[in-house]
Each structure stands twice: as C-alpha cells, then as structure tokens.
Amino acid sequence: MKNNRFSFAVRDSQRQSRNNRYSKLFHSAPVALDPFVEITQVTWDDFASSEKWTAALEIAEISARKRPELYYGWENWAWALHKQGLTQSAYDLLAPIMKGLKLKGPPSGRAAWCLACFSCCLGRSKEAKRWLRLAETLARDKSIFHSHTIREPNLQKLWSEMEEFV
C-alpha cells in the first residue's frame, strides 16, 4: 500500500511539473479540474515518454472525441500521427482547427508549434515560419520557447533561416 501512495505522489508531482512547464510556455486560460483530462493527459504522457506511439494515438483520439472543444486531444493525436511517420495526416488533422479557429478561446500555442514542426518536415518552410511566429506570440516565456525551439530536430531546417530563434 505504501508503494501505491508513493507512486501516486510521484506521478502527481510529475503531472504538476509538466503542467507548470506548459502553462509557462504558452498562454492558456485557467481550466476547471476535469478528471478525464487529467487521466488522459497523464496516460498520453506515459505512452509518449516510452515512445509507444500507437497507444498514445489511441488515447489522444479518445481525448479529442470526448472533449472536442479542447486543444490537448487534437494536439496529442496529431503529434502521435507525426511520430509514426504520418506527418501529412497530422497536419491535415490539426491545421483546419487552427486555421478556422474552430475551438473556443484563443488559439493554442502548442498547436501552432506542432504545425510549425509538421510544415517544416513537409518542406513548407515559409508556412512553418508563420506557425512558429504565432507560437512565439502565444508563448508566455520567450526564453523557454526559444530553448525548446532550437532543440527541436523537426525545426532544424529553419534554424539557419530564422536568426531570432538561435
């Protein structure tokens, strides 16, 4: 029983740390605690960190379908597709949501950042730069944003073209 409590405390601490990183990186409106969102996000993070992209894709798709008004499910679904080599499908899933501003609230900086990665991988440098600039605009902490951006291999093609991120 002690191990379960300890494990839960560690997982809770990791979840809070992850949430703090994302909340510092991009603007996000405060959201009431939703157990479904919490559980699915922690589960997706576990699958993603162990590179179990098929399972990550499944939990992300469930998240997007059950909470279609929230960006996180769509972002996770698209990223899991991308990690499985289906970058065009990832782009096709996420771009219409962002371009049409179909969800409530402001656009997601994480979604814009993902679309920058997808566009860059698809050879669309000009579009990737636009998405990256939007993501930067939505980022709360520009130094953390720049740090993540220059370490992201998917954006490597843009590094020489975008001095402001180096």
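## A helix-only protein, seen from a few residues

Let's start with Ser 125, which sits in helix H7. Helices here (H or I, at least four residues) and strands (E, at least two) are DSSP runs, numbered from the N terminus. This is a predicted model, in which local features need pLDDT of at least 70, side-chain atom pairs count only at pLDDT 80 or more, and totals for chains, interfaces and linings use all residues. Residues are numbered from 1 along each chain as its sequence is written, and side-chain values use heavy atoms, with hydrogens and water left out.

Back to Ser 125: at 23% relative accessibility, this residue counts as partly exposed. On this scale, buried means under 20% relative accessible area, exposed over 50%, and partly exposed in between (1.4 Å probe, protein chains only). Setting aside residues up to four places away in sequence, Ser 125 touches Leu 158 and Glu 161; contact means heavy atoms within 4.5 Å.

Now for the whole protein. Of the 166 residues, 42% count as buried. Among contacts between residues at least 6 apart in sequence, 60% join residues at least 24 apart.

Two pairs show what such separations look like, with distances taken C-alpha to C-alpha:

| Pair | Apart in sequence | Apart in space |
|---|---|---|
| Ser 125 and Leu 155 | 30 residues | 9.4 Å |
| Leu 81 and Trp 53 | 28 residues | 7.8 Å |

What about the inside? The largest nonpolar core has 39 residues, and Trp 44 and Phe 118 have the most contacts inside it. A nonpolar core is a set of buried Ala, Val, Leu, Ile, Met, Phe, Trp, Tyr and Cys residues joined through side-chain atoms within 4.5 Å. H2 (35-49), H3 (53-66), H4 (71-83), H5 (87-99), H6 (109-121) and H7 (125-138) each supply at least two residues of this core, and H6 gives the most, with nine. Leaving aside neighbours within four places in sequence, Phe 118 is in contact with Ala 78, Trp 79, His 82, Thr 87, Ala 90, Tyr 91 and Leu 94.

Next, look at H3 and H4. Their axes come within 8 Å and cross at roughly 155°. Axes are lines fitted to C-alpha atoms, for helices over the stretch in contact, and angles run from 0 to 180 degrees between N-to-C directions. That crossing makes H3 roughly antiparallel to H4, a label for angles over 145 degrees. The contact includes Trp 53, Leu 57 and Ala 60 of H3, and Asn 76, Trp 77 and Leu 81 of H4.

Asn 76 is buried, with a relative accessible area of 2%. Neighbours within four places aside, Asn 76 is in contact with Gln 41, Trp 44, Ala 60 and Arg 110. Leu 81 is buried too, with a relative accessible area of 12%. Not counting residues up to four places away in sequence, Leu 81 touches Leu 57, Leu 86, Thr 87, Ser 89, Ala 90 and Leu 93.

Last stop: Glu 51, in the loop between H2 and H3. Glu 51 is exposed, with a relative accessible area of 60%. Phi of Glu 51 is near 55°, a positive value in a residue other than glycine. Most residues other than glycine have a negative phi.

Notes
Angles under 35 degrees count as roughly parallel, over 145 as roughly antiparallel, 65 to 115 as roughly perpendicular and the rest as oblique.
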